[in-house]
Amino acid sequence: SGGYHWLANQPGKIATGIQRGFIAPGIRDAAGTGPSLDIETIGLGATATWNIGAATLTSITGYRRMEFFALSNVDATTSNYLPRLTHERSNQYTQELRLAAELGPIDLIVGGYYFKEKNFAGRAASLSGVYFNLPDERQRRGSVGAANQETTAYAGFTQATVNLGDAFAVELCLRCSDERRTSPPFKQSEL
């Protein structure tokens, strides 16, 4: 089933779930909540080309999405005293436009590129009162940590190949780009 496997208690410590009578699984088993894992990915792409007189315009568009969920029991026993949920999500969009032309001995490409990505990552763990010698009344949220990140990038580029005969050419390239990234973190703990 993947995830973690019970091997033994840490030296000098017995898992709280075992102290309270729950069982530890065999070496090849995982116990309690999960581990369960769900990953979904999607990728789409399209390329279109138009001939415009002596020039060719090319458009390349891409989209990717990834979503990930994992649920597990941190103490690895059947107690479910400390379930943890992990969630990640990413959406990405790209667009490139290129115009290519032959101008006598010069092969010219001029283009632009756009990139946009939004990411989220978060983890939440419930905490049972048994860790503090209280009744097993699990909090709705024991610890929550999450962050969003957004990236936006633009680029402009050109490439000129100057053909100086059949066996020799000089290539000149220029690329200018700008990338901006924001990432406000969020953390919360309740006891």
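Trainee: Let's start with Tyr114: is it buried, partly exposed or exposed?

Mentor: Keep in mind that we're looking at a predicted model. Buried would need under 20% relative accessible area, and exposed over 50%. Tyr114 comes out at 25%, so the label is partly exposed.

Trainee: And what about Tyr154?

Mentor: Use the cut-offs again: under 20% is buried and over 50% is exposed. Tyr154 has 46% relative accessibility, so call it partly exposed.

Trainee: How many aromatic pairs are there, and which residues do ring pairs link into a cluster?

Mentor: Ring centres have to lie within 6.5 Å to pair. By that rule you get 2 aromatic pairs. The cluster they tie together is Tyr93, Tyr114 and Tyr154.

Trainee: Are the rings of Tyr114 and Tyr154 stacked, edge-to-face or tilted?

Mentor: Their centres are 5.3 Å apart, with the planes at 50°. Tyr114 sits in strand S4 (residues 106-125) and Tyr154 in strand S5 (residues 143-163), so this pair links distant parts of the chain, 40 residues apart. As for the angle, under 30 degrees would be stacked and over 60 edge-to-face, so this pair is tilted.

Trainee: Strand S4 also holds Glu117. Which side chain of opposite charge is nearest to Glu117?

Mentor: Glu117 is buried, yet has no salt bridge. A salt bridge would need a distance within 4 Å.

Trainee: Which side chain does the Glu117 side chain make a polar contact with?

Mentor: Leaving aside neighbours within four places in sequence, Glu117 is in contact with residues including Asn91, Gln149 and Thr151. The polar contact, at 3.4 Å, is with the side chain of Ser90.

Methods
Residues numbered from 1 in each chain as written. Predicted model: local features only at pLDDT ≥ 70, side-chain atom pairs only at ≥ 80, totals over all residues. Heavy atoms only, no water. Phe/Tyr/Trp six-rings, centres within 6.5 Å; stacked < 30°, edge-to-face > 60°. Helix = DSSP H or I, 4+ residues; strand = E, 2+ residues; numbered from the N terminus. Buried < 20%, exposed > 50% of the residue type's maximum accessible area, 1.4 Å probe, protein only. Lys, Arg positive; Asp, Glu negative; His and termini not counted. Polar contact = N/O pair within 3.5 Å; in protein donor to acceptor, adjacent residues only side chain to side chain. Contact = heavy atoms within 4.5 Å.
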